[in-house]
Amino acid sequence: LRCNAVLRLGPESITSNLCCQECGYEFCCDCDYPAPHAPATCEMMAKWREKEGIVEASGDDEASLLEISKMSKRCPKCHHAIIK
């Protein structure tokens, strides 16, 4: 994780790809993937990763995703990574 900035996404937002204004980190706020993945859906990305597909992301991005997966679990309702 790169910085301690808080990003707020309003209900009127039409995109799920976010970019932190402080550190420039880009990610999908719907599935927590550490890079924009449009036009692929979050479900497509999840299936691709389950099959160990190669995804174009930097080593830092992959390390962030691995760290998130170690520290969190998926919310049963919204499926976002959460830390208790």
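Cys31 counts as buried in this predicted model, because its relative accessibility is 15%, which falls under the 20% limit for that class. The sulfur of Cys31 has its closest cysteine sulfur in Cys42, at 3.6 Å, and this is too far for a bond, because a disulfide requires the two sulfur atoms to lie within 2.5 Å. The structure as a whole holds 0 disulfides. Cys19 likewise is in no disulfide, and the nearest cysteine sulfur to that of Cys19 belongs to Cys20, 7.0 Å away. Cys19 is partly exposed, with a relative accessible area of 37%, whereas Cys31 counts as buried.

A further cysteine, Cys3, lies in the segment that precedes strand β1, which spans residues 17–19. With a relative accessible area of 31%, Cys3 is partly exposed, because that value lies between the 20% limit for buried residues and the 50% limit for exposed ones. Once its neighbours within four places in sequence are left aside, Cys3 is in contact with Cys20, Glu22 and Cys23.

A search of the whole structure finds 1 aromatic pair. The pair is formed by Tyr25 and Phe27, whose ring centres are 5.7 Å apart and whose planes make an angle of 20°; the arrangement is classed as stacked because planes under 30 degrees apart receive that description. Both Tyr25 and Phe27 are buried.

The protein chain as a whole contains 2 helices and 4 strands, and when it is read along the sequence these elements follow the pattern β-β-α-α-β-β. Helix α2 comprises residues 59–71 and includes Ser64. Ser64 counts as buried, since its relative accessibility is 7%. Between Ser64 and Asp32 there are 32 residues of separation in sequence, while their C-alpha atoms are 10.0 Å apart in space.

Values for the whole chain complete the description. Of its 84 residues, 26% count as buried, and Ser64 and Cys31 are examples of residues in that class. The chain exposes about 6500 Å², of which carbon and sulfur atoms supply 55%. When contacts between residues at least 6 apart in sequence are considered, 24% of them join residues that are at least 24 apart.

Technical notes:
Residues numbered from 1 in each chain as written. Predicted model: local features only at pLDDT ≥ 70, side-chain atom pairs only at ≥ 80, totals over all residues. Heavy atoms only, no water. Buried < 20%, exposed > 50% of the residue type's maximum accessible area, 1.4 Å probe, protein only. Contact = heavy atoms within 4.5 Å. Areas by Shrake-Rupley, 256 points an atom, 1.4 Å probe, with all protein chains shown as cover. Phe/Tyr/Trp six-rings, centres within 6.5 Å; stacked < 30°, edge-to-face > 60°.
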